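User: I would like to learn how to read the packing of helices and chains in a structure. Could you guide me through an example?

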Amino acid sequence: MKEKLALIASFLPIIALMAIGYVVPIFSNIVKSMQGAEGQFVGIDNYIQVLTSYYFLDSLAFTLKVALVSTALAMTIAVVVALALRETFMGKKLVVLLFQLNMTIPRMAAAMILMLLLSQTGWLSQLSHFFGLTEGASDFPWLVRDSAGWGLIAAFTWKFFPYIGMSVLGILQGASREYEDQAAVLGVGKFRRFWHVTLPMIIPATSIASIIVFASAFGDYEIPAILGSSDHRMLSIYTYMKYADPIMRDHTEAYVLMIFMSLTLMAVILAYRKLTIAEEKRS
Amino acid sequence: MSRRTRTIIIALMLAAVLVPLIPLVLWSFTDIWPFDQPLPSFSLRSWEATLRNSQVIEALINSLVLCVVVVSLSLAMSFFAAKNLGTRRFKGRRLIQFLLLVPSFIPQIALVFGMQRVFSQIGLYNNYAGVVVALLVFYVPYMTLLLSAVFEGYDMDYERQAKSLGVSSWNILWHVTLPAVRSGVIVSCIFNFIGVWAAYLVVSAVAHPTFRTMSLLAFPMISSASNGYAATACVIFLYILPILLILIFFSKLLVTDTDRPDTNQTGGML
């Protein structure tokens, strides 16, 4: 009994924080999202109105595109680099340390760094002008604040690939090479060996880390606030704009968007949990 | 993978990590950089101005103090919960693990305005305590998950033996438990520190308008570009520097240690 009380007591601070930080705010957001202009209850009317609007659908499609493309790129780079970092070689410790650098750089700093590099007046543009590849700043392609979202994708990929890479590297270094060596002895080619032996080994960790990266890109505010264009806005920016809109003082639309984002990410957590629990059982 | 392919991949990776930092460094050491020159002329003017700027110094100190306060409190608030999650199997464990993931996944933009409303009703708005509590809301669950992964590999038998020998619980904690999980705890604190250091939306939602952290100082500089690139580059440099120092100082733990918590746990620091 005493032990049970101690167990419950150990979670009390967290429960208290979650209550004032999540439960009450989310509940209050839900209430606000279902109110009309005079504060009356209107049920899901606001949801139907907001979630079918052109601007919302455009923003959702753009957000999904940016988050998915960034995740796919980060994942591919991460796996390739992790495979290269697997063996031991001279200077490996330094290389692994530098490999982790990007994921520790704050998002807004990452955005600024890429802006100084990629914008039309950025360093790459200067270099390409100097070497005669482009004629002046306006001749250089729009890589940041572009309507296709390449600046956002570059920033998310740059910041997040080490995160996936470190998980993959952890698995590769922990795993024995036995199966791969056996397959090699049996004459299985390099590519097939990777496809049938190495890849299945790293898929779980890769997908778990990638889900986190997807969620981080999906909901981020800072990077799109700095590198985003006004042609298509990511959902976080759209939400903020609706919240800060001086005409719509009741912010109803913003609350609907907040609940939508929360629910979407809840679904992502469920997928994440399914994968991690399966992994826990396997090992 | 052949040696040559490996060398090429590693070289490309290092270039991708390091080349983008070059313009940042160059901008901080110049005051004018005409477009048609690939390298600017050297000047320490921006650095002198930045380091003399009392707002910057204030923001640096505020951020450091805030990080130390929040990380210590998170450690204290999550330690025993994490130990229970990692070492015991009890009813409701999975549910708790699920709830702890929420802060790392739900976008801050979807939460902070609701938080702002709730916090203003309980006296945690426009003051320091509010900033600390708001950060704890996000980073205690993250810390708990990181530490519970550390405790997964912890052997409770040592504690039981010490207990049967009549060692007090305080001494067990200090001489048995903590030394066994030391490196995992340090790495978890580093990850938490990085998260708190970079926190922006949540701090701006509850802090007093005059309160300044490095994130609060840097964001308007970057998004409006009104201070010019050289000044902004210096501030960004100072914003990244403490993290770089931590990475270098703890590099041994971060690169090789086997007690390092599984980074898969959550992306709270991202």
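User: In which crossing, left-handed or right-handed, does α6(A) pass α12(B)?

Analyst: Please note that this is a predicted model. In it, α6(A) passes α12(B) in a left-handed crossing. The contact involves A109(A), M112(A) and L116(A) on α6(A), and Y229(B), T232(B), I236(B), Y239(B) and I240(B) on α12(B). Sorted by class, these are seven nonpolar residues, one polar residue and no charged residues.

User: At what angle do helix α6 of chain A and helix α12 of chain B pack?

Analyst: In general, a pair of packed helices is described by the angle between the axes and the distance between them. Here, helix α6 (residues 107–118) of chain A and helix α12 (residues 229–249) of chain B pack at about 140 degrees, and their axes are 10 Å apart. The angle therefore makes α6(A) oblique to α12(B).

User: How many residues of chain A are in contact with chain B?

Analyst: The size of an interface is often expressed as the accessible area lost when the parts come together. Contacts can also be counted: 79 residues of chain A are in contact with 71 residues of chain B. On the chain A side, helix α1 (residues 2–33) gives the most, with 15 residues. That side comprises 57 nonpolar, 17 polar and five charged residues.

User: Which residues have the most contacts inside the largest nonpolar core?

Analyst: They are A111(A) and L114(A), in a core of 168 residues. Helix α7 (residues 128–152) of chain B gives the most to this core, with 17 residues. Beyond its neighbours within four places in sequence, L114(A) is in contact with residues including W158(A), L227(A) and P20(B).

Methods. Residues numbered from 1 in each chain as written. Chains lettered and ligands numbered in written order. Predicted model: local features only at pLDDT ≥ 70, side-chain atom pairs only at ≥ 80, totals over all residues. Contact = placed C-beta atoms within 7 Å. Helix = DSSP H or I, 4+ residues; strand = E, 2+ residues; numbered from the N terminus. Nonpolar A, V, L, I, M, F, W, Y, C, P; charged D, E, K, R; others polar. Axes fitted to C-alpha atoms, helices over the stretch in contact; angles between N-to-C directions. Parallel < 35°, antiparallel > 145°, perpendicular 65-115°, else oblique. Left-handed = near helix turned anticlockwise from the far one by under 90°. Core = buried A, V, L, I, M, F, W, Y, C linked by C-beta atoms within 7 Å. Buried ≥ 20, exposed ≤ 12 C-beta atoms within 10 Å, placed from the backbone.
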